[in-house]
Amino acid sequence: MIKKLSLDVCQKYFPSQIIGRKDIKILAATRFFSSTSVDFKPSPTNINNATVNTTPTAPDGSPISLKNAERDDNLYGTRPIYLDMQATTPVDPRVLDKMLQFYTGLYGNPHSSTHAYGWETEKEVEKARENIAKVIGADPKEIIFTSGATETNNMCIKGVPRFYKKTKKHIITAQTEHKCVLDSARHLQDEGFDVTYLPVNSNGLIELDQLEKAIRKDTCLVSIMAVNNEIGVIQPLEEIGKICRKHKVFFHTDGAQAYGKIPLDVNKYNIDLMSISSHKIYGPKGVGACFVRRRPRVRLEPIINGGGQERGLRSGTLAPAAVCGFGEAARLTMAESERDKKHIEKLSNKLINGLLSIEHTQLNGSPIHRYPGCVNISFAYIEGESLLMALKDIALSSGSACTSASLEPSYVLHALGADDALAHSSIRFGIGRFTTEEEIDYVISAINHRVTFLRELSPLWEMVKEGIDLNSIEWSGH
Ligand SMILES: Cc1ncc(COP(=O)(O)O)c(C=O)c1O
Ligand code: FES
């Protein structure tokens, strides 16, 4: 009875793919669930009902739905296939195992120094700090816990210039950075600082000579992200680090999409500050970290003041469950790095080849300098939003989660030189540790059907098929 309950709960609460990973043992989680008498009533979205009216028909006229498509409902449950790994990743059950200890036995405040409850939690927090530091070759003392990469980006981009403001007034960043970097930079401008927003080339990479030319005597910080969250391109971190060190300018990188996914070495790359987020590496949401170099020392003005925790840089009681879950997630990225890399590369290649074999499609961003788990593809003559609507059985996004509410075309794709139409017809596919090959096969086939279906509805597509050059048409204004 207990066994059945725990299995039931696991299957409802963990992504079906995790259940498919027989090598992962869910210990505390199942023990915890099976020993509670709570009546679990999960209500997974019933995708079959939800999409009945919106799912288009295949070219042969048969309706496409999960029921008759290649996907077996018995295996995958009834929720959409999750391919939005840049927005967030599912919590690895081994991470949850770690976290549950802090909601049951280990409830001490890690900052309580007068008794064993404090010490035992502190010991676990320090273990987490060590694991998190190890991933990037840092010293544990250089890791400051925060609530996530948004807070860390704010802390670095505002904190460093504010500390050095007597002599330095300028920072450099790029046009394709995450909104929280760009918005922090705008706030600095309001405070009287100058900001240079570097353009990127059509591959999404910054030009190193432009960076070097932009550095001034009063520049204190260069902030360039490691992996872009929309197109997955990897910036030349080592070269940027060299330029920054040569000019004695601090180098901050937003590593939210890179940490634990591509090799990062803060010493080899001369990185002075790095933003890290736990929920992008199968850890809990609401926790992250800031790497702050100690030698040469980087100074910054904290944005949260108080009890002086975290070397005075980020006051507030830590959340040990979140911090230690994050630490376990970091440890797992090291333990599973080869496996994750091979798995994600294989599925990514399959997806890219499958989708690019559809005519008039293109991969956005550098095909070489890229993290394979983020694939951004444009489907010409289709509105990205209508494609997303037609793909209700696959959880996808046309850009970053925080801007997907607005129907603006992606500013990242615009910075690459894409026109509105192309930017509007782009979709981002995120592949992760628990994505399966069957899911990728399903996605390729579903997109093939639905792109064909939507194009059949498009007058533009009809003109293209008739051989009319759309660029030669003078559209009447309206
Ligand atoms: C590149 C990048 N920076 C920062 C963030 C914000 O991270 P968090 O959700 O931890 O605040 C994200 C997540 O969306 C991201 O992709
Ligand atoms: S994709 Fe159509 S409005 Fe943005």
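This is a predicted model: local features need pLDDT of at least 70, side-chain atom pairs count only at pLDDT 80 or more; totals for chains, interfaces and linings use all residues.
Local features need pLDDT of at least 70, side-chain atom pairs count only at pLDDT 80 or more, and totals for chains, interfaces and linings use all residues. Residues are numbered from 1 along each chain as its sequence is written, chains are lettered from A and ligands numbered from 1 in the order in which they are written, and side-chain values use heavy atoms, with hydrogens and water left out.

## Overall make-up

The protein has 18 helices and 12 strands. These elements are DSSP runs numbered from the N terminus: helices are H or I with at least four residues, strands are E with at least two. Of the 478 residues, 54% are buried. Buried means under 20% relative accessible area, exposed over 50%, and partly exposed in between, with a 1.4 Å probe and protein chains only. Among contacts with a separation of 6 or more, 74% are between residues 24 or more positions apart. Contact means heavy atoms within 4.5 Å.

## The seven-stranded sheet

Seven strands make an open sheet with mixed pairing, ordered β2-β8-β7-β6-β5-β3-β4. Its edge strands are β2 (143-146) and β4 (194-198), each pairing on one side only. Two strands pair if DSSP finds at least two bridges between them. On average, neighbouring strands are turned by 20° against each other, direction ignored. Axes are lines fitted to C-alpha atoms, for helices over the stretch in contact, and angles run from 0 to 180 degrees between N-to-C directions.

| Strand pair | Bridges | Direction | Residues opposite each other |
|---|---|---|---|
| β3 and β5 | four | parallel | T173 and S223 |
| β5 and β6 | three | parallel | V222 and F251 |
| β6 and β7 | three | parallel | H252 and L273 |

Strand β5 is largely enclosed by the rest of the structure, because five of its five residues are buried.

## Helices against the sheet

Helix α8 (residues 149-163) lies across β2, β3 (170-174), β5 (219-223), β6, β7 and β8. Its direction is at about 160° to β7. Helix α11 lies across β5 and β6, running at about 155° to β6.

Helix α7 covers residues 116-134. Its 19 residues reach 27 Å from first C-alpha to last, close to the 27 Å expected at 1.5 Å a residue. The expected span is 1.5 Å times one less than the number of residues. Buried residues of α7 include G118, T121, E124, V125 and A128. R129, N131, I132 and A133 are also buried. The cover over the buried residues of α7 includes α6 (93-104), β2, β7 and α12.

## Rings and charges

The structure holds six aromatic pairs. Rings of Phe, Tyr and Trp (its six-membered ring) pair if their centres lie within 6.5 Å; planes under 30 degrees apart count as stacked, over 60 as edge-to-face and the rest as tilted. One of the pairs is F145 with F326: the ring centres are 6.2 Å apart and the planes stand at 70°, so the pair is edge-to-face. This pair links distant parts of the chain, with F145 in strand β2 and F326 in helix α12, 181 residues apart. F145 is buried at 1% relative accessibility. F326 is buried too, at 0%. Elsewhere, ring pairs link F163, Y164 and F250 into a cluster.

Two charged ends sit over rings. K169 is placed over the ring of F193, 4.8 Å from its centre. R455 is placed over the ring of W461, 4.5 Å from its centre. A charge sits over a ring if NZ of Lys or CZ of Arg is within 6 Å of the ring centre and within 35 degrees of the ring normal.

Most residues other than glycine have a negative phi, and most peptide bonds are trans.

- R295 and P296 are joined by a cis peptide bond, with omega about -10°. P296 is in the loop between β8 (288-292) and α12 (320-335).
- K248 has a positive phi, near 55°. Its loop runs between α11 (237-246) and β6 (250-254). K248 is exposed, at 73% relative accessibility.
- H360 also has a positive phi, about 55°. Its loop runs between α13 (337-356) and β9 (361-363). H360 is partly exposed, at 36% relative accessibility.
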